[in-house]
Amino acid sequence: MSYSGYIDTICSFLENFHGPAVLEIGVDKGSSLFPIVNYLTMVTSSPDYLPQKFYFVGIDVLLRESVKITASLINKSIFTAEDPTDNRVKNKNIGFVELRENLSTKAMSDLLQEDWANRFHVIMIDGDHNHQTVSQELELAKKLIHPSGFIICDDYEGKGGEQDEFFSETTGFYGQEEINENIKNLLKREDVLDHTKKGVKL
């Protein structure tokens, strides 16, 4: 999802940290991922900033092929596991983009198991737009966020703000040929026991 009005603020905030880490739930076309990564690449490649590198984790139930290809090309230009003293790889090891195709709550739980607690400086939440999913994401985000970091929720004032939306009910959002196990396992309206709490805002 695009946080177009917040990209500059996010980037400026991340400058305050050596080795900034970003977590985005709901990558979609990469309209937030790519400008933030581009900015961090410029900042972290400066001589004053090295050797700390940035880390960007993007999670989505279905990762578009174009996003995966672009992220792979970015990683080839900014990261290498080779000897950093080799002149041929100068300015590499400045960052890394990791994409995880999974349900948000599963992927966030995995990050906690991998010792990412309290390490993300910015967490952007724009996954499924219903109270149950978002409340679970926020509980996990509280454990993943750095003490000086912040969490931003998209569509707080949108139509999903005060009513539940379920991507499991959406037709045409994903092409029929793109349905995967994650999409099949998205929360369904009939699985929700308490319908008194609705939407992202609550």
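## Report on the fold and interior of a predicted model

The protein chain contains six helices and five strands. The model is a predicted one. Read from the N terminus, the elements follow the order α-β-α-β-α-β-α-β-α-β-α. Of the contacts between residues at least 6 apart in sequence, 78% join residues at least 24 apart. Buried residues account for 45% of the 202 residues in the chain. The accessible surface amounts to about 10,800 Å², and carbon and sulfur atoms contribute 50% of it.

### Nonpolar cores

The largest nonpolar core consists of 24 residues, and I36, F56 and M124 have the most contacts inside it.

Leaving aside residues up to four places away in sequence, I36 touches I7, I10, C11, L14, F56 and M124.

### Helix 2

I36 is also one of the buried residues of helix 2, which include L33, V37, L40, T41, V43 and T44 as well. Viewed down the helix axis, the buried residues of helix 2 fall within an arc of 165°, and they therefore line one face of the helix. What do these buried residues pack against? Their partners are helix 1, strand 1 (21-25), strand 2, helix 3, strand 3 (95-101) and strand 4. Helix 2 itself has 12 residues and spans 16 Å from its first C-alpha to its last, close to the 16 Å expected at 1.5 Å a residue.

E114 lies in the loop between helix 4 (104-113) and strand 4. Is E114 buried, partly exposed or exposed? Its relative accessibility is 39%, so E114 counts as partly exposed; the partly exposed class lies between the limits of 20% for buried and 50% for exposed. The side chain of E114 forms a polar contact of 2.6 Å with the side chain of R100.

Terms used: Residues numbered from 1 in each chain as written. Predicted model: local features only at pLDDT ≥ 70, side-chain atom pairs only at ≥ 80, totals over all residues. Heavy atoms only, no water. Core = buried A, V, L, I, M, F, W, Y, C linked by side-chain atoms within 4.5 Å. Buried < 20%, exposed > 50% of the residue type's maximum accessible area, 1.4 Å probe, protein only. Contact = heavy atoms within 4.5 Å. Helix = DSSP H or I, 4+ residues; strand = E, 2+ residues; numbered from the N terminus. Expected span 1.5 Å × (residues − 1). Arc of directions from axis to C-beta. Areas by Shrake-Rupley, 256 points an atom, 1.4 Å probe, with all protein chains shown as cover. Polar contact = N/O pair within 3.5 Å; in protein donor to acceptor, adjacent residues only side chain to side chain.
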